[in-house]
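I opened the model and kept notes on what I looked up. The entries follow in the order I made them.

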Amino acid sequence: MTDQERTEDLAQLLARLKAERDLSDSEIGRRIGVATSTVNSWVHRKRGTGRGPAQKNLEALAREFNLDRDAVFRAASRTSPGPYDAEGEARILELYRGLTKDQRRAKEVEMVALNEMNRTGQ
C-alpha cells in the first residue's frame, strides 16, 4: 500500500481512480450498481442523510476495480468487516443453541445493531 492510499479519503480515492482509468461517475456507478448521483455525492463529499456509503457499495467498489478492500473502507472512514469464517460461524451457532429464548432475542437485537453500525458507518 502506498502512502497515498493510506491517507486519502473516499473523494480522493475516486478522483485518483477516475484519472488513472479515465472513468466517469456514471461508469463507476453503472459498474458497482449505484446511481450516478450517488457516486457524485461521494466525489463531492456530500453526506445527505449523514451516512456514508453502504458496506455493499464499498465492497462492490473494491471488487469491481480491483482495489484494496481495507483501503477503500479506510478511505470511507469505516472499518472493513472481517473475512467470512465458517468455523467461527459454526461455533457461534452452537453457542446460540444453548441460549434461552430471551437470551437468543437479546443476542439477535445486539447483532442487528452491530450490523446496522457496519452498514452505516456510525
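What pattern does the chain follow, read along the sequence? I read α-α-α-α-α-α-α-α. The chain has eight helices and zero strands; helices (H or I, at least four residues) and strands (E, at least two) are DSSP runs, numbered from the N terminus.

**Ground rules.** This is a predicted model, where local features need pLDDT of at least 70, side-chain atom pairs count only at pLDDT 80 or more, and totals for chains, interfaces and linings use all residues. Residues are numbered from 1 along each chain as its sequence is written, and side-chain values use heavy atoms, with hydrogens and water left out.

**Whole chain.** I looked up burial and found that 30% of the 122 residues count as buried. Buried means under 20% relative accessible area, exposed over 50%, and partly exposed in between (1.4 Å probe, protein chains only). The chain exposes about 8400 Å², and carbon and sulfur atoms supply 50% of that area. The areas come from the Shrake-Rupley method with a 1.4 Å probe; for residues, only the protein chains shown count as cover. I then turned to contacts, meaning heavy atoms within 4.5 Å. Among contacts between residues at least 6 apart in sequence, 54% join residues at least 24 apart.

**Helix α5.** Which residues of α5 are buried? In this helix, residues 55–64, I list Asn57, Leu58, Glu59, Ala60, Leu61 and Ala62. Their cover includes α2 (10–21), α3 (25–32), α4 (36–43) and α6 (69–75). I checked Asn57, which counts as buried because its relative accessibility is 12%. Leaving out residues up to four places away in sequence, Asn57 touches Ile32, Val34 and Trp42. After α5 comes Asn66, with a positive phi near 50°.

Asp85 caps the N-terminal end of α7, with a side-chain oxygen 3.2 Å from the backbone nitrogen of Glu87. Thr79 lies in the loop between α6 and α7 and, at 69% relative accessibility, counts as exposed.

**Salt bridges.** How many salt bridges does a search of the whole structure find? I get 11, each a side-chain nitrogen of Lys or Arg within 4 Å of a carboxyl oxygen of Asp or Glu.

Glu64 and Arg31 meet in one of them, at 2.8 Å, N to O. This pair links distant parts of the chain, Glu64 in α5 and Arg31 in α3, 33 residues apart. Glu64 is partly exposed at 34%, and Arg31 is partly exposed at 30%.

Glu20 bridges to Arg16, the closest N and O atoms being 3.6 Å apart. The two are four residues apart in α2, so about one helical turn separates them.

How values were computed:
A polar contact is a pair of N or O atoms within 3.5 Å; within protein, one must be able to donate a hydrogen and the other to accept it, and residues adjacent in sequence count only if both atoms are side-chain atoms.
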